[in-house]
Amino acid sequence: MKIIIINGPNLNLLGKRETDVYGDQSFQDFFTELQFKYKEVELEQFQSNIEGELIDKLQEVGYEYDGIILNAAAYTHTSVGIGDAVKAIETPVVEVHISNTFSREDFRHKSYISPNAQGIVLGFGLQSYELAVQSFLTDK
Ligand code: DQA
């Protein structure tokens, strides 16, 4: 089982950024723990602050991997291009958010990812990513 976590803009700052919303753990720390816990999964991660790089990565892995966990961060709410890429590829995408975007500003209620996601996990902090991993390990 090959799964990639793709993180969008500013998620490289996890642990330093708005810690009241996003927590104080760095993504690298969390990811190392996740890899340790799910040794049976080939787990990779990719982060970019650049919209086109996220689209390139989705296209690159989207016909080969078993699962994609996508937190497109702010691009979730703005990017028709990332939404189209999710629609185009064959690998199922689970949309993830650390925060509960529906309890925040109105502009965070719109997602260009959701219509073509297999499912959505949000509001559970970094654990949202783990729940998404588990979703790929469960027979549907
Ligand atoms: C986020 C929510 C987005 O609205 C925000 O722009 C982010 C992070 C989350 O994981 O909660 O950068 O995707």
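Modeller: Let me begin with contact: two residues are in contact if their C-beta atoms, placed from the backbone, lie within 7 Å. Please keep in mind that this is a predicted model.

Biologist: Which residues does Tyr22 touch, not counting residues up to four places away in sequence?

Modeller: Tyr22, whose place is in helix H1 (residues 19-22), touches Leu14, Arg17, Ile98 and Ser99 when residues up to four places away in sequence are not counted.

Biologist: Why is Tyr22 called partly exposed?

Modeller: Tyr22 has 19 other C-beta atoms within 10 Å; a residue is buried if 20 or more lie within that distance and exposed if 12 or fewer do, so Tyr22 falls in between and is called partly exposed.

Biologist: What does UniProt list for "active site"?

Modeller: The unreviewed UniProt entry lists Tyr22 and His97, and although these are spread over 76 residues of sequence, they cluster in space, with a largest C-alpha distance of 9.7 Å.

Biologist: Is His97 buried or exposed, and what makes it so?

Modeller: His97, which is found in strand S4, has 23 other C-beta atoms within 10 Å, and because the cut-off for buried is 20 or more, His97 is called buried. Leaving out residues up to four places away in sequence, His97 touches Asn71, Leu122 and Ser128.

Biologist: Where is Asn49, and why is it called partly exposed?

Modeller: Asn49 lies in the loop between S2 and helix H3 (51-61). Setting aside neighbours within four places in sequence, Asn49 is in contact with Pro9 and Asn10.

Biologist: How do you know that strand S1 and S2 pair?

Modeller: Two strands pair if at least two bridges are found between them, and strand S1 (residues 2-7) and S2 have 6 bridges in the parallel sense, so they count as paired. Within this pairing, Ile3 stands opposite Leu43 in S2.

Biologist: What makes S2 and S5 the edge strands?

Modeller: The 5 strands form an open sheet in the order S2-S1-S3-S4-S5, with parallel pairing, and strand S2 (42-47) and strand S5 (119-122) each pair on one side only. Neighbouring strands of this sheet are turned by 20° against each other on average, direction ignored.

Key: Residues are numbered from 1 along each chain as its sequence is written. This is a predicted model: local features need pLDDT of at least 70, side-chain atom pairs count only at pLDDT 80 or more; totals for chains, interfaces and linings use all residues. Helices (H or I, at least four residues) and strands (E, at least two) are DSSP runs, numbered from the N terminus. Axes are lines fitted to C-alpha atoms, for helices over the stretch in contact, and angles run from 0 to 180 degrees between N-to-C directions. UniProt positions are given in the numbering used here, feature names are shortened, and annotations may be inferred rather than shown by experiment.
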